[in-house]
Amino acid sequence: MTVRVPAKVNLQLSVGPPRGDGYHDLVTVFHAVSLFDEVTVRPADRTSVVVTGEDAASVPAGRANLAARAARALAAASTRRGGRSAVRIEIRKRIPVSAGLAGGSADAAAALVACNELWGAGLTPPELREVGASVGSDVPFALLGGTAIGQGRGEQLTAALAAGTYHWVLAFATGGLSTPEVYAACDRLRARAAAQGRASTRGAGGAASDRAASSAGVASAAAAAQQPRLSTELMAALRSGDPAAVGPLLTNDLQPAAVSLRPDLRRALNAGREHGALGAIVSGSGPTCAFLAADARRARELAVSLTSAGVCRAVVQVKGPAAGAAVVAAERR
Ligand code: C5P
């Protein structure tokens with residue numbers, strides 16, 4: 001059973017204060033794009049994972065692999081699978097790893113859909129999304145696809161009213177970023193900004209504010225972060241289907257943190273803007289940068305310009321919204 005699953009970008013990522021469980025409440029607008037991984041599952045005596053393609057060596061194999069975890073979670077959640085639960089999982093990767101494109105979550109979503117079909121488990125889409133949420137915050141969206149608002153830690157979804165097709169250029173960076181590290185950097189930057197704000201109202205200097213920032217830690221990050229809020233302006237622009245209206249409204253609260261960990265991203269973002277992108281953002285926790293273009297021709301030109309500017313490892317041109325995880329082939333045994 002073979003399933004194709006898309007990468008995502010976040011058109012808005014509004015991050016709230018850290019929660020007690022290690023996650024952050026957020027409001028995000030997910031948008032699936034036409035960069036796909038393919039996952040094939042076959043009955044086997046024991047579960048195993050084989051990865052080929054983009055960044056294959058950096059995908060964890062074995063039990064830690066998100067697709068393998070998803071298959072086990074589905075086996076545990078399913079009562080109608082007829083006793084079969086081991087699968088050989090083959091992942092053909094085109095979505096880079098640790099790139100802010102939810103590639104690992106995509107593979108987990110694909111494994112859920114594939115195993116649900118292979119085992120005849122009969123879980124409904126909402127049931128699959130619930131199992132997916134136990135594997136990772138972005139898994140439910142990889143199942144749903146399209147454009148959708150995510151709340152909670154990203155797993156609570158509402159389909160968004162969005163018109164038209166959007167043309168993107170994704171600029172891949174060399175190396176990846178760890179999502180937990182980017183969220184932690186976001187908390188630190190917010191704590192520091194809050195402490196500096198307090199110190200400047202007292203007239204104190206930078207050293208005092210830095211000390212305050214490091215001692216205040218996560219508690220002051222919580223105080224400094226606003227509750228996340230959906231951009232009604234962005235939603236209106238998406239309903240209009242006009243990329244020129246959407247571009248300037250793209251926002252990502254994790255961008256300053258990603259750029260602080262990877263200052264070279266600033267060059268890529270600037271190059272995209274200089275070469276006519278309507279919007280330029282870090283995708284999710286990065287380091288991939290996503291550039292919105294007016295149409296397919298301008299996206300192609302932008303891709304060429306970014307390549308010759310030498311500001312990234314590789315570029316791909318994609319379209320959104322793309323469909324969520326779906327079966328593309330089923331072999332008879
Ligand atoms: O859910 P997932 O395993 O994909 O999340 C990876 C990490 O990203 C979490 O362990 C957490 O550090 C961070 N995260 C967060 N808030 C979210 C989603 C993810 O802090 N809403």
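Predicted model: local features only at pLDDT ≥ 70, side-chain atom pairs only at ≥ 80, totals over all residues.

Colleague: Fine. Which residues is Ser105 in contact with, leaving aside its neighbours within four places in sequence?

Modeller: Ser105 touches Leu66, Asp138, Val139 and Ala142.

Colleague: How far apart are Ser105 and Leu66?

Modeller: In sequence, 39 residues. In space, their C-alpha atoms are 6.8 Å apart.

Colleague: Is Ser105 buried or exposed?

Modeller: Buried. The cut-off for that is under 20% relative accessible area. Ser105 has 10% relative accessibility, so it counts as buried.

Colleague: Where does Ser105 sit?

Modeller: In helix α2, which covers residues 103-118.

Colleague: And how do α1 and α2 pack?

Modeller: Helix α1, residues 66-77, packs with α2 at an angle of about 35°. Their axes are 7 Å apart. The crossing is right-handed.

Colleague: Which residues of α1 and α2 meet?

Modeller: From α1, Leu66, Ala67, Ala70, Ala71 and Leu74. From α2, Gly104, Ser105, Asp107, Ala108, Ala111, Leu112, Cys115 and Asn116. By class, the contact of α1 with α2 has 9 nonpolar, 3 polar and 1 charged residues.

Colleague: What does β5 pair with?

Modeller: One partner is strand β2, residues 24-43. That pairing is antiparallel, over 4 bridges. Phe30 stands opposite Ala148 there. Another partner is strand β6, residues 156-159, again antiparallel over 4 bridges. In that pair Gln151 faces Gln156.

Colleague: How many residues lie between β5 and β6 in the hairpin?

Modeller: There are 4. Gly152 is in that turn and has a positive phi of about 70°.

Colleague: Now the sheet with β9 in it. What is the strand order?

Modeller: β9-β10-β7-β11. It is an open sheet of 4 strands with antiparallel pairing. The edge strands are β9 (279-282) and β11 (314-320), each pairing on one side only. On average, neighbouring strands are turned by 25° against each other, direction ignored.

Colleague: How many bridges join β9 to β10?

Modeller: 4 bridges, with the two strands running antiparallel. Strand β10 is residues 289-293. Gly279 stands opposite Leu292 in β10.

Colleague: Which strands of the sheet does α11 touch?

Modeller: β7 (166-172), β10 and β11. The direction of α11 makes about 15° with that of β7.

Colleague: Last one. How do α10 and α11 pack?

Modeller: Helix α10 is residues 265-274 and helix α11 is residues 296-309. The angle is about 140°, with the axes 10 Å apart. So α10 and α11 are oblique to each other. Their crossing is right-handed.

Colleague: And which residues meet in that pair?

Modeller: Arg267, Ala268, Ala271 and Gly272 in α10 meet Leu302, Leu306 and Ala309 in α11. By class, that contact has 5 nonpolar, 1 polar and 1 charged residues.

Colleague: Great, thanks.

Technical notes:
Residues numbered from 1 in each chain as written. Heavy atoms only, no water. Axes fitted to C-alpha atoms, helices over the stretch in contact; angles between N-to-C directions. Parallel < 35°, antiparallel > 145°, perpendicular 65-115°, else oblique. Left-handed = near helix turned anticlockwise from the far one by under 90°. Contact = heavy atoms within 4.5 Å. Nonpolar A, V, L, I, M, F, W, Y, C, P; charged D, E, K, R; others polar. Pairing = 2+ DSSP bridges. Buried < 20%, exposed > 50% of the residue type's maximum accessible area, 1.4 Å probe, protein only.
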